[in-house]
Amino acid sequence: MHLRIDPTRLTTPHEAAGDGNYDAVIVGSGVSGAMIAEQLCKEGKRVLMLEAGPITSKSLRGYNDYVTNYFVSPGKDSQAPFPENPNAPMPRTPLLRKLQPGQVDSNTYMVQTGPYVTDTVYSRTLGGTTMHWQAKTPRMVPEDFKTRTLYDQGLDWPISYDDLEPDYQRAEREMGVSGDVTALRYPGGSPYPKDYVYPMKGMPPSYLDQMVNDGIEGTSVELDGQTIPLQVRPFPQARNGIPNEAYDGGKGYTPIGAVNTHQVDFGERCQGNTNCVPICPVQAKYWSGKTLAKVLRMNDEPDKGEIKILPQAVASKVEINPENGHVAGIQVKVYKNPDSPEHETITVRGKIYVITTAAIETARLLLASGLPSTSGLVGRNYIDHAYLFSWGLTPKICGAYRGTDCISGILDLRNGPFRKHQAAFSVDINNNGWSVATSSPYTDVTALVDDGNLFGSQLRRGLVDRVSRQLLFAFMIDVPANESNRVTVDPQYTDALGNMRPNLSFTTPEYSMRGAAYARQFAKTVFSRMGVIDYTQYSPSNFGYVVYEGEGYEIHGGCHLGGTHIMGTNKNNSVVDANQRSWDHANLYLAGGGSMPSIGTANITLTIAALCYRSTRAMLKQLSFETTTGATIHKTTGYHHGFSRHCDT
Amino acid sequence: MNKTEFYAKLSTPANDPASLALAAIQGDGEAGTYLRGVYDQFLAFSVEVTAFSRFDLEGTGQGEAYFATVIQVVGYEILEQLLDTFTSIINQTGGESTLVRNDLLRRRLFGNERLGPIARNIVKLWFTGNWYQLPRNWSEKFGPAPKDVTFTVSANAYVEGLLWTTIGAHPAGAKAQGYGSWANPPRIPEFGSDAVVR
Amino acid sequence: MDSHDIATLESLEEHLFSAMVLEHATLPAYLTALYSIKPGTNQDASNILRVVAVEEMLHMTIAANLLNAIGGTVNLTQTGFVPSYPTYLPDSIDDFQIHIEAFTPSALETFLKIERPVYLGTVQQRVVKRRIPNHVWCLSPNKDGTTQYTTIGEFYNAIKESFIRLEAEAQAKGSTIFTGDPAFQITSEYYYSGGGKLFPVTNLDSAVQAIDLVIEQGEGYVDEDKPTGVFDQYGEIAHFYRFEQLRLGRYYVRGDKPGFPTGPAIEIDWDAVYLTVVDPKLADYPEGSELYQAALNFNIAYAQFLALLTEAYNGKRELMMRAAVPAMFDFRNLMNRLIRNPAPQQHGRHAAATFEIDATNAILGTAKA
Ligand SMILES: Cc1cc2nc3c(=O)[nH]c(=O)nc-3n(C[C@H](O)[C@H](O)[C@H](O)COP(=O)(O)OP(=O)(O)OC[C@H]3O[C@@H](n4cnc5c(N)ncnc54)[C@H](O)[C@@H]3O)c2cc1C
Ligand code: SF4
């Protein structure tokens, strides 16, 4: 499909600032920004989208440059595709180090104020973090929405699973999910409507998945007096597979392949490039450019709205009308060149404002604008999954490094009464060997050549033995909301444009560490059932090293950012309402993971997307109300007439 | 282009090392013949230490790039010394078992303080496409080598890393094996067995 | 009824098998050109060649579906299924030959000829009378082979009309020509190749739809009344115009007139190509060399692949995904490896796969009678 971001779809700082007629100003071009834009334009609205990063990925060449950047980076860290951009920086992992008590590390963009260090990342570029996500799309389970009530942990949502269910379906359609509902119906799993099928059939489990299943099927574990049978189940995932002809009452589904400035016919089916993170070379994986391509096409349709994109535009301050608390405009710093801090500052205005910059950046922007909200909860309750890895060698060759990064896992411990005492988890079976834990297979080559003194056929044999047998379980552990885990800003720490950088202070709570300790035991149990040789080693010098009850663990970040502007039932217990609309500022929506009071054991993006549908309905209602009653927000907020523009470089 | 010119051109940053190497070994006259000979030796050595055939190595399209990389980072002289040592080992062990040859390779080449780290780096180049920074004590003793940092030779060098072929997989992000192929066991290519080695 | 109409079911079956031969015959040429491009260079040309090659494979599968739909037999292991290169295309006698060669300006001109558009003319303009050299297997509307279709599109149009007429005749007698086993139809579930959905052919409507897809993706129509010659109604662009973009150095965008693209520029670096031996034969490689062995192994693998496809087209559909698709991805690696190897004594030219399938079968002693 064509993704035509040609000059007519882009706008200039001058034009954007002078245009008083946008229905909505959307900040961010990730999945949240794109889906909201799509829903608004479909209903004839005019949208201005601000994107902090460059729009390199709009063309195949630009997209391929990202792939090449990754290929030529010997470290192959997960941000390697995206060049450094001091004007809109993003967190990067290779420079992280362990913190001593009381220490602060400001070496990387995200200032780590401790006590724990997280290697969580997100991307600031066209497409946002979907450029680089793995695209697993499980739904949350109903219990995840009321963990406070049921388990005395974290926070409840103001809405239930059933409230969100129809929007889950919409999100699954838009992202193009492949999945096998029958394999996902089990006690404690997410309930699907009778006869529901995903747009595309489930991905075939990898050879390794089958091997793990052979080892555990028919066995069980005891937890809290409950017997939990084990089985390997494929995850639903937003990558193109075989369309399911039974979808949509027999209408079927047409996958969307690569989007680009001109014809490229690929990406309509995953090929198994095993590179979903950090970038799918054929775009078989959903990224928000696919939704944006749809929105851009609407520009040509008379009954649809219009989108204008302003790239390299960093939202820097949300301006408030002191009379009514409404947002009056957003101050934006627009730069020409990532290598130079030179920029101009403009203010853009619309009837409503939608900030979709993901939990950390959204909190950063509000706090930098001096808007902690009535509840004081902006930035607080930061949530992310805690990841723990366990790895070993299978007794026989398991064919690692083939397939999608991960197809299947063990999902039966995502839910249960045990959640009163310890965190639930979901287990990924990684198809990319030990790479996430040990930088394999490069480290295997250097170890065998430099330390093992192998060459020639012994080396080849050694590599087969050492690399093709790699199994890694990644445990994704629930972390409940906690006010002291938080994002703050500090004028000491700014980026090249003078915007304050996010500071993160974070601890993995005991409840989650109990889950981690059990996860480690669980891995050992499964390994023993399979005859896997355990190679797991946690290094005390690793930045994520944590000691719990005398045992050391390495806890990694999950890149599943939630909780910094939670939704709730009133302005004192939350930042936004159940439609992600700010309690304090009636024309402001904060859309994204930050609204989620809990994330359970589901990778969060499907839920984020589902919430977008819910929120756009509220936005459309608000916009139509404003038009019909004549009391437009535009009027009330338009106390600045004309546009303000000054150059401060 | 004779070897001095070739080396000088390689040190000019603007030149693409792989095409230079290609031009050098395809060159006419005595100089061309000479450089071709060295390149042949380089491939023969690579065959020995990777257990991939010359056809497979040339099939990666990376031979010239690796040849140039080694010369660029550590110089021509040291590569020639390495290759001469290798050739003399081969001449000496003609007709003998791999076991005997490997022993000599270890003692005189991989175990040589100056040549060992370079030999190992050539092996790693072929398997990963990466030049790895040499051990610090090597640089202190035999350096300095200003270009000696860890780097990936090129995007294609990464894609052509023999590591992936060895394990019947494919480099992450390239040479995908097709939808659903992952459900089958991997097809690990056979290679010349050296049963004598225990 | 004109003498050049496809009058019998048997003749229609022959024509459909010829269609498979034809679609397949372009693959060795397109793939060799594609893989001769040095990696990382000529991205636009690579993309275009890849899409076209992939669609030829799709077209061959559509032809198999059509043949299976009327109860014909698909057998790709039959002697002569893979021509010996250089070869004439059935519609190209006296005109041009297809070579297995690297991506060069002359190869591009050949590709343009292969895919030249259908001129929607009268039935009489569809065929030409020519003398056919003996060794050429040709598509012919009549048994004596003295006439041929002017373009591949005309050939498919003739097939389409034959489907319509033969089915009408059958219906009049209360029967149908669609007597094939529906379980032999390859659908998207079994094979995905980009650029088009594979649907089962079970009746006249689906047959016509399938043939139209092949024509539109391949050569496209040139129709004075339809200004949308370059793109079809789905925004797809035909092979001819895809290649023409390379010749004209610019992409077509919607609304462009044939011959006048206005999209982004395309640059071709003709030097960033491995020049390969033209129409290589095993005999060009030193016998007993690794290169010879690798080229032979490729042919063996390819012969096995055609046997596998034959099984897949004959009811074992699941083999498509399980074995045939991975094999296709494998050929990319095998062909690349050959192309990067210089061929000794060939004036600096590089090797390439020879596609001597009949000869390979003969060497292996497995040639089918
Ligand atoms: C390695 C990795 C793997 C992941 N795997 C999964 C997975 O398998 N499943 C899953 O559900 N989730 C996964 N995630 C998480 C997922 O990627 C995110 O939840 C999702 O992409 C968030 O989308 P978003 O639109 O809310 O935010 P983002 O995609 O982060 O988009 C924010 C956008 O805002 C822009 N922006 C930021 N600041 C400003 C500013 N000041 N002004 C203007 N624009 C700005 C950014 O450039 C960006 O375009 C993964 C994440 C990572 C990093
Ligand atoms: S496995 Fe490969 S093709 Fe499939 S989604 Fe991941 S990166 Fe893309």
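Guide: Two strands count as paired if DSSP finds at least two bridges between them. Strands are DSSP runs of E of at least two residues, helices runs of H or I of at least four, both numbered from the N terminus. This is a predicted model, where local features need pLDDT of at least 70, side-chain atom pairs count only at pLDDT 80 or more, and totals for chains, interfaces and linings use all residues. Residues are numbered from 1 along each chain as its sequence is written, chains are lettered from A and ligands numbered from 1 in the order in which they are written, and side-chain values use heavy atoms, without hydrogens and water.

Visitor: What makes strand 8 of chain A and strand 9 of chain A a pair?

Guide: Strand 8 (residues 313-320) and strand 9 of chain A share seven antiparallel bridges, and the criterion is at least two, so they pair.

Visitor: Which strand does strand 9 of chain A join through six bridges?

Guide: That is strand 10 (residues 343-348) of chain A, running antiparallel to strand 9 of chain A. Here Ile330(A) has Val348(A) as its bridge partner in strand 10 of chain A.

Visitor: Why is strand 9 of chain A called mostly covered?

Guide: Eight of the nine residues of strand 9 (residues 327-335) of chain A are buried, that is, under 20% relative accessible area (1.4 Å probe, protein chains only).

Visitor: Why are strand 7 and strand 22 of chain A said to stand at the edges?

Guide: The open sheet of five strands has the order 7-2-1-11-22 in chain A, with parallel pairing. Strand 7 (306-310) and strand 22 (588-590) of chain A each have a single partner strand, so one side of each lacks a neighbour in the sheet.

Visitor: Why are helix 3 and helix 8 of chain C called oblique?

Guide: The axes of helix 3 (residues 43-69) and helix 8 (residues 290-313) of chain C cross at roughly 45 degrees and come within 11 Å. Axes are lines fitted to C-alpha atoms, for helices over the stretch in contact, with angles from 0 to 180 degrees between N-to-C directions. Under 35 degrees is roughly parallel, over 145 roughly antiparallel, 65 to 115 roughly perpendicular and the rest oblique. Helix 3 and helix 8 of chain C are therefore oblique to each other.

Technical notes. Buried < 20%, exposed > 50% of the residue type's maximum accessible area, 1.4 Å probe, protein only.
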